[in-house]
Number of protein chains: 2
Amino acid sequence: MKNIVTLIAIVVLISFLASAQSSSQLNLMPMPASVQQGSGQLPIMQSFSVEVTGTRDPSLDAAVQRFTKQLSAQTGIPFRPKAGSAATLTVHADHGLEPVQKLGEDESYQLTVTDSGAQLTAPTALGALHGLETFLQLVTITPNGFAAPAVTIKDQPRFQWRGTLIDVSRHFIPIDVLKRNLDGMAAVKMNVLHWHLSDDQGFRAESKVFPKLTGMGSDGMFYTQGEIRDLIAYAHDRGIRVLPEFDMPGHSRSWLIGYPELASGPGPFTLEQGDPILDPTREETYKFLEKFIAEMAKLFPDAYFHIGGDEVDGKQWDSNPKIQEFIHAHGMKNNQDLQAYFNQRLEKIVAKNHKIMVGWDEILHPDLPKTIVVQSWRGQESLALAAQKGYRGLLSYGYYLDLMWPTARHYAVDPMSGAAANLTPEQKALILGGESCQWAEWVTPENVDSHIWPRNAAIAERLWSPQDVTDVNSMYTRMQAVSLELEWLGLIHNGAREGMLHRMAGTADISSLRVLADVVEPVKDYNRWSDEKGPINFHAPLNQLIDAAYPESDTARAFGALVQQFVQSGFKDQAAEAQIRTWLMLWRNNDAKLHPLLQQSSLLQEDTPISQNLAMLGAAGLQALDYLDKGLPEPDLWKTQQLAVIEQSKKPVAGLLLQVTAPVQQLVEANASSGH
Amino acid sequence: MKNIVTLIAIVVLISFLASAQSSSQLNLMPMPASVQQGSGQLPIMQSFSVEVTGTRDPSLDAAVQRFTKQLSAQTGIPFRPKAGSAATLTVHADHGLEPVQKLGEDESYQLTVTDSGAQLTAPTALGALHGLETFLQLVTITPNGFAAPAVTIKDQPRFQWRGTLIDVSRHFIPIDVLKRNLDGMAAVKMNVLHWHLSDDQGFRAESKVFPKLTGMGSDGMFYTQGEIRDLIAYAHDRGIRVLPEFDMPGHSRSWLIGYPELASGPGPFTLEQGDPILDPTREETYKFLEKFIAEMAKLFPDAYFHIGGDEVDGKQWDSNPKIQEFIHAHGMKNNQDLQAYFNQRLEKIVAKNHKIMVGWDEILHPDLPKTIVVQSWRGQESLALAAQKGYRGLLSYGYYLDLMWPTARHYAVDPMSGAAANLTPEQKALILGGESCQWAEWVTPENVDSHIWPRNAAIAERLWSPQDVTDVNSMYTRMQAVSLELEWLGLIHNGAREGMLHRMAGTADISSLRVLADVVEPVKDYNRWSDEKGPINFHAPLNQLIDAAYPESDTARAFGALVQQFVQSGFKDQAAEAQIRTWLMLWRNNDAKLHPLLQQSSLLQEDTPISQNLAMLGAAGLQALDYLDKGLPEPDLWKTQQLAVIEQSKKPVAGLLLQVTAPVQQLVEANASSGH
């Protein structure tokens with residue numbers, strides 16, 4: 001018995017959500033433009049029912065059905081409305097959804113909840129969809145059952161374009177995964193799915209005109225036109241436009257496997273290697289694009305069409321004498337001019353198909369018409385620059401979810417801040433909104449949700465809510481609430497990690513592994529790339545701790561705040577200190593339990609040093625507290641040793657950062673500053 | 001800061017799985033008939049591939065695809081077989097699946113794994129399906145990657161009928177939930193889904209001949225014939241027969257809403273109340289059943305057809321003078337004779353449709369032909385009795401999952417034990433196997449998996465593995481492993497609880513609620529029924545702690561074993577004592593953190609006393625240990641008080657049992673026996 005009974009770990013959890021939501025702040029995200037709280041609450045009982053008055057719209061009816069199903073899931077109540085009774089919630093929209101949603105439609109709504117019922121009214125069904133999402137967030141458990149508080153909400157978005165880009169090229173993302181992410185986007189009132197359908201590593205949209213695009217350029221994983229229509233209808237039902245992107249002339253290797261004659265250099269090419277790009281000097285290229293864009297323009301009903309245009313690597317242009325000849329013959333100065341020439345011709349094709357061209361920063365060129373939209377990934381300056389030149393723009397710089405930034409950092413980025421703050425009102429009006437971006441180098445269907453959510457909800461708030469909604473603590477509190485709601489929608493951003501940890505550990509008890517996973521984050525920015533030896537293998541398994549770790553550690557954030565509180569109390573807050581000690585003891589003792597688990601798994605062995613670092617940090621923090629408590633100065637040698645441990649703990653291990661290092665350093669260094 | 005930062009709970013987890021699986025026992029469930037371990041292991045790498053040799057069968061091909069997908073999910077490896085390389089696993093079946101699976105088909109297989117490859121051979125595709133499931137269970141993470149150990153397995157089932165009954169009448173279970181449960185059944189080599197399609201509370205199978213059966217008798221929740229055919233095909237692909245049950249003449253209220261003329265008493269009836277049963281004295285009843293059974297016999301291809309026949313409440317027969325007159329006129333003695341008359345006529349209809357009749361114990365009657373099968377729910381005696389009389393039988397007594405028994409109790413029930421042990425070999429041969437039963441009074445699509453799994457895996461083992469496979473510790477260890485596998489298949493028996501707890505608590509941090517949930521179990525047997533005031537409301541929400549609690553508490557089992565170990569060491573095992581103290585401290589401190597959470601939720605308020613009891617048990621256990629450690633006798637008054645606490649803790653609260661009470665009582669009572 002003794003041999004098999006092992007105490008594996010003590011898991012300590014601190015929460016910023018311990019108390020029920022205060023009456024002064026509802027757990028709404030994005031925060032509505034205006035919230036006026038009343039008194040009392042509307043009970044959500046088994047007799048709950050919804051009545052749609054005003055215009056009838058199949059999408060709105062479907063939304064009400066989804067709403068009821070979701071509310072039933074969130075409450076666990078199988079609703080059984082009583083025939084003949086007044087509806088609990090009435091929904092009134094003056095107008096139905098447009099067959100194809102347009103940029104700039106009225107998305108406003110008004111939601112009034114009293115203790116006897118709720119009314120949702122909106123000029124359009126689009127606004128009504130948003131109001132239903134708000135109602136779902138209002139309902140909470142109370143001592144008297146589930147209820148929505150009495151409230152009057154008047155709401156409309158700050159920006160008309162609030163999108164999420166999902167790259168499906170580098171790793172294919174199946175339709176059902178996209179659908180659950182559309183559900184999540186709708187829950188936080190986002191209205192554009194930017195579908196990055198082609199890139200070097202895979203062409204994902206079926207073309208019947210050019211079947212080799214997916215036939216040779218996709219490894220068999222792509223969306224049929226039927227699936228694409230289905231996804232667009234799914235998005236439309238949720239008030240979400242679908243913006244297709246076909247990246248050109250760069251990022252286009254996948255096009256050229258099947259059609260090497262369009263390339264600027266000699267083929268053949270494979271999906272795995274080479275940097276071929278389109279040849280803008282040959283008429284065949286435009287003949288191809290005429291047909292291709294005509295086909296895609298019919299398939300995708302949205303008025304906007306994204307042609308990429310970013311990061312054109314001109315090596316193939318440089319080394320092709322005919323292209324160089326073309327550049328000189330046309331009086332161009334460089335490759336940028338050649339790309340501008342390409343974009344002008346491309347824009348005419350796009351416009352001929354009644355679409356408005358969207359592209360990344362690099363397409364900005366005075367010869368392009370003012371109708372185009374520039375999406376800024378390089379910085380807020382380029383967004384402002386475009387606006388100054390009269391172009392409409394979208395901000396994505398600062399919203400790259402794949403960079404693994406903490407939510408607060410994304411949240412602080414405002415499309416109207418930075419260089420944009422100095423624009424004239426007319427110029428500011430050209431900034432349509434923004435898009436978060438989920439580039440897919442390091443995701444699978446299993447972990448992509450956790451790379452997008454819940455952080456994306458905070459970006460959604462930035463784009464919807466008034467500019468002065470900026471309180472970070474409030475944001476985190478509300479994001480935790482919306483995160484639970486998103487799980488009820490079917491997203492697996494929280495839930496998938498457990499299975500991944502079980503897989504790595506190979507055992508039923510993973511509590512000590514969870515302790516480690518809770519305090520690490522993947523390395524930031526493009527540092528994971530630089531750890532790779534040679535080009536990224538996009539077919540490699542993504543089944544290690546770095547793939548399961550959440551981009552932001554709630555535990556580390558909570559622990560950092562706790563240490564901050566303790567320091568600010570002049571090291572006198574005993575309750576905080578007791579909590580800090582509990583954490584530190586947990587970490588100090590964890591490695592002894594985790595070590596055998598790490599050793600028995602090829603997937604976890606590389607994490608051995610970070611588990612040891614965590615144990616040393618725990619010990620260092622506890623000793624630092626002991627010195628503080630006893631009022632003794634820390635011995636110099638001890639302090640030097642501990643700071644060495646801390647420096648070592650700052651270095652990534654297996655692509656992971658130990659995010660409790662800085663607060664422990666604060667404790668170790670506190671001794672001097674505390675006056676002892 | 002101080003106000004919102006709250007340390008909610010310390011979660012301590014003990015595991016019986018701490019060390020990797022020992023080489024002497026593989027985590028297989030059900031345990032194969034013969035396992036011979038070799039040396040070395042077969043690495044599962046990205047190049048892993050399967051080749052099917054021998055007979056080609058679409059179901060086997062589909063199974064290999066599912067197998068590969070599941071192995072990919074379990075390992076996180078996207079397989080990319082190398083063209084031209086030898087397959088890692090070859091699968092050879094001599095014969096394909098029968099179009100309709102037959103009772104008693106050869107299900108054997110042989111699986112040989114060496115360090116260079118694996119061969120699976122079987123006389124039938126059915127055996128090959130089972131072998132694929134075994135291979136999935138062999139693969140584990142090792143220090144050198146995922147691998148299957150070298151082994152030679154020769155396997156076949158002990159019983160030919162290994163089923164699970166799922167009641168879909170009392171609570172409707174959607175098709176997708178049934179499908180994931182079929183996946184689970186296939187994983188543990190069960191081969192019969194007994195589909196309890198009608199009962200008082202709902203008629204769930206569409207009849208085109210008698211549309212009012214579901215039209216009025218189902219509240220709109222039923223399976224169309226298309227869905228039924230789809231489910232049967234899904235089951236067939238997994239080697240699972242589908243046995244339909246239409247319960248009659250009792251348990252038949254739902255039939256009689258639309259067809260009150262078939263009832264023994266005056267209608268009309270509603271789904272909610274009354275105990276109407278079929279009238280066996282009128283020819284109209286048999287005319288109805290002729291048509292109905294003809295329709296259903298075509299819809300369900302299996303050779304067997306279950307007519308229920310249990311718990312006929314004769315009140316309506318007693319109070320109907322015409323029925324009493326019929327009984328006397330035909331020389332019958334009582335209602336049992338009338339039911340026997342009904343069953344004889346019914347059997348002829350069933351046989352005319354080329355089906356073999358199956359029914360519960362009560363149908364046993366010498367006038368019925370020996371072809372019928374009797375399913376015993378009342379006890380092993382009635383199974384033996386049926387066999388003595390020459391009838392084939394199935395055991396379900398002892399396998400009722402809805403009674404919330406611990407797994408070990410089900411596991412100890414053997415179809416050949418009890419009265420059956422004394423049967424002759426010929427009589428024993430009549431015992432075909434058994435079925436677990438999931439009656440649906442207290443389940444929803446959300447928690448039904450947790451009521452079935454993982455306990456059902458142990459029943460599956462009882463019906464598949466050799467009779468001498470009875471080690472309970474081994475069973476629990478292997479069941480924990482298979483439980484993880486089942487989650488990869490899509491079952492939510494572990495995963496759903498988290499969301500349910502979040503729903504009740506209404507907060508992101510539920511760690512203190514988890515501590516309580518981990519040590520409680522729903523009341524056993526039919527005690528939940530007796531807590532109901534009046535008839536059960538089958539439409540009520542099932543969203544309270546009793547609905548989320550697992551039927552068996554792993555924590556309580558582990559703690560009980562730990563205390564046992566400590567007691568058996570003569571109270572000298574200090575490591576065990578330290579672990580016991582950690583648990584007890586956790587529980588003693590938990591209520592202070594949990595109490596505010598319970599108070600703010602109408603769903604949790606009723607659990608307040610059990611949380612307090614847990615705290616008191618924690619304190620009592622700690623004090624008892626202190627007395628033991630100090631070698632002091634426990635004061636009589638103290639002991640009397642603690643035993644009062646223990647008695648109080650034994651009483652169910654809100655339908656929940658506090659399952660750590662008995663081991664704490666052992667500690668409190670240890671003081672006397674320890675010789676102090």
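Helices here are DSSP runs of H or I covering at least four residues, numbered from the N terminus. With that in mind, let's walk through this predicted model.

**First stop: a charged residue without a partner.** Select A:Arg253, which sits in helix α6 (residues 253-258) of chain A. Does A:Arg253 count as buried or exposed? A:Arg253 is buried, yet it has no salt bridge. The nearest side chain of opposite charge belongs to A:Asp275, 4.2 Å away; a salt bridge needs nitrogen and oxygen within 4 Å. Leaving aside residues up to four places away in sequence, the contacts of A:Arg253 include A:Asp200, A:Gln201, A:Thr270 and A:Pro276.

Now select A:Glu441 and A:Arg170. They form a salt bridge, with the closest N and O atoms 3.0 Å apart. A:Glu441 lies in the loop between β17 (431-438) and α14 (448-452), and A:Arg170 in the loop between β9 (161-167) and α3 (175-187), so the pair ties together parts of chain A that are 271 residues apart in sequence. Both residues are buried.

Pick B:Arg581 and B:Glu577, whose side chains meet in a salt bridge at 3.4 Å, N to O. About one helical turn separates them, because they are four residues apart in helix α22 (residues 574-599). Next, go to B:Glu206, which forms a salt bridge with B:Lys208 at 3.8 Å. B:Glu206 counts as buried because its relative accessibility is 19%, whereas B:Lys208 is exposed at 56%.

Terms used. Residues numbered from 1 in each chain as written. Chains lettered and ligands numbered in written order. Predicted model: local features only at pLDDT ≥ 70, side-chain atom pairs only at ≥ 80, totals over all residues. Heavy atoms only, no water. Helix = DSSP H or I, 4+ residues; strand = E, 2+ residues; numbered from the N terminus. Buried < 20%, exposed > 50% of the residue type's maximum accessible area, 1.4 Å probe, protein only. Lys, Arg positive; Asp, Glu negative; His and termini not counted. Contact = heavy atoms within 4.5 Å.
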